[in-house]
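Visitor: I would like to learn how to read a protein model, one feature at a time. Where do we begin?

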Amino acid sequence: DEAPAPVVEPLKCAPKTFWVNEGKHAKFRCYVMGKPEPEIEWHWEGRPLLPDRRRLMYRDRDGGFVLKVLYCQAKDRGLYVCAARNSAGQTLSAVQLHVKEPRLRFTRPLQDVEGREHGIAVLECKVPNSRIPTAWFREDQRLLPCRKYEQIEEGTVRRLIIHRLKADDDGVYLCEMRGRVRTVANVTVKGPILKRLPRKLDVLEGENAVLLVETLEAGVEGRWSRDGEELPVICQSSSGHMHALVLPGVTREDAGEVTFSLGNSRTTTLLRVKCVKHSPPGPPVSAEMFKGHKNTVLLTWKPPDPAPETPFIYRLERQEVGSEDWIQCFSIEKAGAVEVPGDCVPSEGDYRFRICTVSGHGRSPHVVFHGSAHLVPTARLVTGLEDVQVYNGEDAVFSLDLSTIIQGTWFLNGEELKSNEPEGQVEPGALRYRMEQKGLQHRLILHAVKHQDSGALVGFSCPGVQDSAALTIQESPVHILSPQDKVSLTFTTSDRVVLTCELSRVDFPATWYKDGQKVEESELLVVKMDGRKHRLILPEAKVQDSGEFECRTEGVSAFFGVTVQDPPVHIVEPREHVFVHAITSECVMLACEVDREDAPVCWYKDGQEVEESDFVVLENEGPHRRLVLPATQPSDGGEFQCVAGDERAYFTVTITDVSSWIVYPSGKVYVAAVRLERVVLTCELCRPWAEVRWTKDGEEVVESPALLLQKEDTVRRLVLPSVQLEDSGEYLCEIDDESASFTLTVTESYQSQDSSNNNPELCVLLKKPKTRRLWSRFPPWRRTAGTE
């Protein structure tokens with residue numbers, strides 16, 4: 001019986017007081033031991049803690065329980081407690097976290113925001129000084145300005161706009177000043193996927209990888225893939241809102257980008273497989289050598305102590321005395337004894353032996369057997385010579401396998417073939433031959449044997465082995481040497497096509513057919529015969545050349561299935577996903593360029609093929625393909641694809657229903673000027689092609705040298721180069737039912753600061769809408785009314 005289980009005892013815990021700089025990570029580790037295995041809970045300020053984006057809870061490789069608080073803020077300070085309990089009792093370990101705030105702080109920190117998938121999220125904060133540079137991060141990833149992450153600086157305001165929100169955009173975002181001073185906020189993305197995959201998942205090799213996703217609706221069917229390829233259904237399971245992927249016993253091949261897709265929504269994780277480090281096995285023990293019977297040696301040993309946990313074998317090696325090279329003899333699965341015969345060595349001599357243990361985790365040190373043994377190689381026949389029957393003019397091959405590597409002698413009709421001349425003739429003008437030796441195999445090739453060679457006797461001799469076989473020559477009808485089976489070939493138009501049929505007889509006639517009809521030679525089809533080979537050549541293949549070709553002779557045929565197709569279509573532009581933003585009634589054009597003018601393409605919207613109508617125009621001009629939406633409505637937005645062959649170009653169109661045409665000014669503008677000054681009234685629109693109407697005191701103004709109307713992109717200006725007293729009044733910039741109002745007051749001169757009422761006039765000088773300034777209390781000698 002075991003002794004009573006001790007109370008859970010923390011062996012090592014974090015310090016009682018822990019300081020961390022704001023924006024840094026705090027990591028608490030607590031080692032706990034107990035029997036039975038204890039349960040762990042983390043508490044903060046007396047309340048249980050649950051894992052979230054900034055609080056991670058896990059167990060490390062050393063068995064410690066870890067709580068990691070990411071990007072600490074002032075609100076994270078307080079008392080953290082690790083509570084461990086089992087059936088024997090409970091114990092606690094606590095630490096007080098203090099967050100040190102920097103001297104330079106954000107005057108307005110980030111606030112948590114929520115957004116919907118395919119929408120936008122806006123994060124905004126303020127820095128103490130407009131000249132302070134900042135950088136944006138998503139967790140540890142630096143965000144650079146792009147269409148996805150729009151970054152705006154206006155004075156002390158720093159703004160990050162995240163476009164086209166996806167499920168994986170859900171997370172922790174940071175804005176960082178110099179000195180690594182940070183402000184942190186959570187971005188929550190609402191969509192069909194509630195619980196997304198982690199950005200990275202590390203799994204030890206051999207363990208199971210488990211991925212979970214929670215969806216808003218129950219019973220929906222998602223799609224799991226890795227690096228774009230669908231994963232087997234057997235690894236997937238779904239229950240209500242939860243969807244699981246289990247990859248058992250992962251290997252390095254399982255690593256990659258794993259994605260769960262649900263309609264247009266998806267979440268992705270990077271699965272990384274880490275190798276488990278194992279120690280190699282120990283060496284065998286008690287290795288001894290005994291001289292056995294004549295020309296043998298007996299080797300014995302015992303398994304390593306302790307025995308390896310994984311399967312292993314023993315590897316035996318030999319070394320000739322006086323040489324530095326060790327050569328492998330055997331691989332043995334079980335310990336014990338092995339008898340090494342003389343026929344396992346290449347030449348007579350004294351040999352030493354050594355042994356080691358080998359497993360999948362490495363090799364042990366070698367153990368050398370004491371002493372040496374004198375061995376003499378002997379051979380025995382493993383596979384003997386066999387009689388050979390060949391047709392006239394073919395090569396005859398005789399081969400045998402021996403039990404050891406040894407030199408031998410070949411004989412032809414009792415005459416020894418010289419071993420120092422592997423190629424030669426039995427006599428001038430007679431039979432030619434070639435001798436080969438590859439390891440344990442010996443071969444004799446007799447080239448192009450004739451009828452008169454029939455009945456020749458071939459022999460082989462070496463110490464301990466003698467064998468012989470006979471050669472028979474037979475007359476044969478022609479047969480096809482290659483191809484043996486039907487050949488299927490695919491070519492591209494304009495390729496050179498060569499079909500080759502090799503017969504067993506030289507200069508034997510053959511006829512070519514296509515689809516059962518005999519072919520006729522021309523400039524577009526050439527037939528050639530070269531010895532045994534018959535060729536059909538198409539110098540420049542065309543699509544109509546596709547079909548089944550046959551080379552027929554003496555009742556035997558070789559077949560070729562030929563397919564000629566146009567070269568694949570490639571999309572030249574665009575190479576990346578295109579995002580188009582427009583407003584109601586605006587014309588949208590999606591353009592795609594292919595590498596061939598005659599290449600067909602298909603347009604799709606949200607998976608459905610697009611057909612031309614009054615609302616959709618499809619244009620073809622040379623290699624250019626266009627889809628035009630003449631007057632867009634919000635319902636025209638969506639995902640468009642231009643499909644050419646196996647390639648696709650992607651477009652995302654977003655149509656916004658504009659509620660206001662005038663961007664600036666948003667309220668009434670008052671302008672004070674002195675006679676003869678230049679006055680500019682500026683109105684900015686949301687689109688450059690919009691037309692406006694200017695009025696003064698209810699009457700439409702007429703352009704003249706004294707009143708100029710200007711257009712520049714989205715900006716509309718009314719310019720009075722030299723203002724007069726009668727130019728005072730209310731000016732309106734009108735479009736549809738909207739208008740921007742300007743009240744202009746013209747006086748003879750600015751009132752001096754020394755005047756009796758001591759009330760200076762107010763002069764507003766407009767420059768650009770986004771950089772307007774207010775000037776006041778200017779003396780006459782400082783006036784700048786002549787500039788915009």
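Guide: Begin with strand E63, which gives the most to the lining of the second largest pocket, with four residues. Keep in mind that this is a predicted model.

Visitor: How is empty space found in a structure?

Guide: Rolling a probe the size of a water molecule over the atoms shows where empty space is left. In this case, the second largest pocket has a volume of about 1100 Å³. It is lined by 33 residues, and the closest to its centre are His118, Asn264, Arg266, His577 and Glu639.

Visitor: Which elements give two or more residues to that lining?

Guide: They are strand E21 (223–226), strand E25 (256–262), strand E26, strand E56 (578–583), strand E62 (638–644) and strand E63 (647–656).

Visitor: How many residues of each class are in the lining of the second largest pocket?

Guide: There are six nonpolar, 16 polar and 11 charged residues.

Visitor: What volume does the largest pocket have?

Guide: Its volume is about 1700 Å³. The lining of the largest pocket consists of 37 residues, of which Leu56, Pro198, Arg199, Lys200 and Leu201 are the closest to the centre. At least two lining residues come from each of strand E6 (55–59), strand E18 (193–195), strand E19 (200–204), strand E20 (209–215) and strand E26 (265–274). By class, the lining of the largest pocket has 15 nonpolar, three polar and 19 charged residues.

Visitor: What about phi? Which residue has a positive phi of about 45 degrees?

Guide: That is Ala448, although it is not a glycine. Ala448 is in the loop between strand E43 (441–447) and strand E44 (457–462). Ser494 is not a glycine either, and has a positive phi of about 80 degrees. Its place is the loop between strand E47 (487–492) and strand E48 (497–503).

Visitor: Is Ser494 buried or exposed?

Guide: Compare its relative accessible area with the cut-offs: under 20% is buried, over 50% is exposed, and in between is partly exposed. Ser494 counts as exposed because its relative accessibility is 53%. Ala448 has 29%, so it is partly exposed.

Visitor: And why does Ala599 count as buried?

Guide: Ala599 is buried because its relative accessible area is 2%. It lies in the loop between strand E57 (588–594) and strand E58 (602–605). Distance is another thing to read here: Ala599 and Thr296 are 303 residues apart along the chain, and their C-alpha atoms are separated by 77 Å.

Visitor: Which residues form a nonpolar patch on the surface?

Guide: Val210, Leu212 and Val246 do, and together they have about 220 Å² of accessible area. Val246 is part of strand E24 (residues 242–247). With a relative accessible area of 34%, Val246 is partly exposed.

Notes:
Residues are numbered from 1 along each chain as its sequence is written. This is a predicted model: local features need pLDDT of at least 70, side-chain atom pairs count only at pLDDT 80 or more; totals for chains, interfaces and linings use all residues. Side-chain values use heavy atoms; hydrogens and water are left out. Patches are made of residues with over 30% relative accessible area and no salt bridge: like charges are joined within 9 Å, nonpolar side chains (Val, Leu, Ile, Met, Phe, Trp, Tyr) within 5 Å. Accessible areas come from the Shrake-Rupley method with a 1.4 Å probe; for residues, only the protein chains shown count as cover. A salt bridge is a side-chain nitrogen of Lys or Arg within 4 Å of a carboxyl oxygen of Asp or Glu. Buried means under 20% relative accessible area, exposed over 50%, partly exposed in between (1.4 Å probe, protein chains only). On a 1 Å grid over the protein atoms alone, a cavity is a set of points where a 1.4 Å probe fits but cannot get out, and a pocket is an open set with protein on both sides within 12 Å along at least five of seven lines; lining residues have an atom within 4 Å of a point. Grid points are joined across faces, edges and corners, and a volume is the space filled by probe spheres set on the points. Ala, Val, Leu, Ile, Met, Phe, Trp, Tyr, Cys and Pro count as nonpolar, Asp, Glu, Lys and Arg as charged, and the others, Gly among them, as polar.
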